[in-house]
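This report looks at one strand, its pairing partners and the nonpolar core around it. The sequence and the model are shown below.

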Amino acid sequence: MPRASLAAVATLALALGACSPGVDLGDDRARRFVDAGVAVADGSLIVLAGPPAGIVAPTNLAAIVLEVAAPFGAPPSFHLRGVNGGVTALGSPTPVPCAGTCYQLALASPLPPSTAHQLELSSGTQLEDGRAQGPGRLGSVTTGSERDDRAPRITDLRVEPSAGCVRVRLRSDESGQLLLAEGVGRIVGQEAIDAVFRPALGPLPVEIAFNVALVDWAGNRGQAPPAPIRLPPRPPPLVITEVLANPAGSDTTQEFVELRNIGAEPLSLAGFAIEDAGAGDPLPAVILPRGGFAVVVGAGYDAGDGRDPAPRAGAHLVPVPGRIGHDGLTNAGETVRLRRGGDVISQYGGWVDTNATGWRGRSVQRVTDDACDHPTSWNDRPLAPTPGW
């Protein structure tokens, strides 16, 4: 995005709901739904994401939001069926920003008060990737006794850059969908909200004002005063994607930190350093191709140890003197940073405790390679290591 246009488009709109805040979801769509805190029927490719379970909707509910495993091949038809048999028509699916693929369905008329309604897919539909979803129930919406005609309130707004991303923190008195600048959105809960997103940064720093709005499930809009922020220049496209702190083999030799070049051009590791809480190790001038991996290890690393998976053929093995960081990585969780000069380019915040015996030989992994540095951007429990994959 041209740098001059940032001030015009850097707007946040919040239409709130109840998935985990700040979720950056991965390619495994079933996993995405689970990570987002959405109840999913077995085999369902379409999820009623908002209003989510547990939220009592106003009688003047403006729309509902669906999360879909892939874009619709052709617009399907949906309706809400009340417990008394009454049917409320829904508009055609309209794409809306979210962390995956989402659609909004506008309601044709108000809903009766204090009533449960089932969302139903009227007929089967096919997604663009060829998978099909048959007709049936997808979730339920329960209304309260009243309309909601009051604009939501935003307080304690903080907007700040964070390692190539922007972190937004605020408090609200309602819930709905969080829509961020540049086509990013999430379903979030009310009260404390903490979310991150990766904007299209320019080659130079730029001062902008973020406008933050809240749009609740009835369509009421609340506006916060503009939040000034200085966006840094575009960071190098190199990220930490996996950390093995508690290997099945020896902790003194078999730990690793995986890096990936997510840019479009080859990238040298010269000038970068890996650091833990105590010290850092400069990286050699290895050239990573587009999409290439580097597996950073200590000097005593043995790829043929056999107790942990060996790096994939083609991945660059990058040894550093001694152990990684000050004296190796802490199993219970320790911040690991990728730094260039005085700037933190990417980091894993030590958010997952791998100290338990059952997690020995398991790593923590970024959900998607371009996800921001945030707890929800990493798997919440250790997985089988995939060095260089």
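## Burial of strand 4

A residue is called buried when its relative accessible area is under 20%. In this predicted model, strand 4 covers residues 63-68, and six of its six residues are buried. A63, V65 and E67 point to one side of the strand, while I64, L66 and V68 point to the other, and all are buried. In a regular strand the side chains alternate between the two faces of the sheet.

## Pairing on either side

Which strands pair with strand 4 in the antiparallel sense? One of them is strand 2 (residues 46-50), which runs antiparallel to strand 4 and is joined to it by four bridges; within this pairing, L48 stands opposite L66. Strand 8 (residues 101-106) also pairs with strand 4 in the antiparallel sense, here over six bridges, and A106 in strand 8 is the bridge partner of A63.

## The nonpolar cores

The largest nonpolar core has 28 residues, and those with the most contacts inside it are I46, L61, I64, L66, F78, L90 and L119. At least two residues of this core come from each of strand 2, strand 4, strand 5 (78-82), strand 8, strand 9 (116-121) and strand 12 (136-143), and strand 4 gives the most, with four residues.

When residues up to four places away in sequence are not counted, L119 touches, among others, I64, L66, L48, F78, L90 and L138. A second, separate core has 26 residues, including A245, L269, L283 and L288.

How values were computed: Residues are numbered from 1 along each chain as its sequence is written. This is a predicted model: local features need pLDDT of at least 70, side-chain atom pairs count only at pLDDT 80 or more; totals for chains, interfaces and linings use all residues. Side-chain values use heavy atoms; hydrogens and water are left out. Buried means under 20% relative accessible area, exposed over 50%, partly exposed in between (1.4 Å probe, protein chains only). Two strands pair if DSSP finds at least two bridges between them. A nonpolar core is a set of buried Ala, Val, Leu, Ile, Met, Phe, Trp, Tyr and Cys residues joined through side-chain atoms within 4.5 Å. Contact means heavy atoms within 4.5 Å.
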